[in-house]
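Dear colleague,

I am passing on the structure below, together with some notes on its packing. Please read them beside the model.

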Amino acid sequence: MNTIITDAKINKYLDTTKKALEKLVVVAPEHSFSRRMADDFLNMALSYYNDAKHFCENGDFVTAFAAVNYAYGWIDCGARIGLWDVDQDDQLFTLYE
C-alpha cells in the first residue's frame, strides 16, 4: 500500500483538476437560482484548487492533497447535477448517465 504523497502524485491531481476546470462551461441560465448555485460551486472549486496549489508550493503535500480532492468533489458534483456542460466527458467527470 502506498502511503506517501509524492511531488509527482500531487502534481498529477492538480493537473487533472486544472483540465476539468478548463473544460467545464457554466450552462445554468443567467438570473436563475441554478446559476447562483453554479457560480458558488465553481467558486468553491477554484478556492480549494488555489489553496491546494499554495500548500503544494509550500511543501505541504498532505494538505494540498486534501484540498485538491475537495476541489474535484465540487467540480464533479456540479457536472453530475448539470450546472455545467462537460461535453459528455465521462473520463474526467462522473456523469449521471
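A nonpolar core is taken here as a set of buried Ala, Val, Leu, Ile, Met, Phe, Trp, Tyr and Cys residues joined through side-chain atoms within 4.5 Å, where buried means under 20% relative accessible area, exposed over 50%, and partly exposed in between (1.4 Å probe, protein chains only). This is a predicted model, in which local features need pLDDT of at least 70 and side-chain atom pairs count only at pLDDT 80 or more, while totals for chains, interfaces and linings use all residues. Residues are numbered from 1 along each chain as its sequence is written, and side-chain values use heavy atoms, with hydrogens and water left out.

The largest nonpolar core has 27 residues, of which Trp84 and Phe93 touch the most other members. Two or more residues come from each of helix H1 (7-23), helix H2 (33-57) and helix H3 (61-80), helices being DSSP runs of H or I with at least four residues, numbered from the N terminus; H3 gives the largest share, 8 residues. Beyond its neighbours within four places in sequence, Phe93 is in contact (heavy atoms within 4.5 Å) with Ala20, Lys23, Tyr72, Ile75, Asp76, Ala79 and Val86.

In H1, the buried residues are Ile10, Leu14, Thr17, Ala20 and Leu21. Seen down the axis of H1, they fall within an arc of 120° and so line one face of the helix, the arc being that of the directions from the helix axis to the C-beta atoms. H2 and H3 are among what covers these residues, whereas Ala8, Lys12 and Glu22, on the other side of H1, are exposed.

Best wishes
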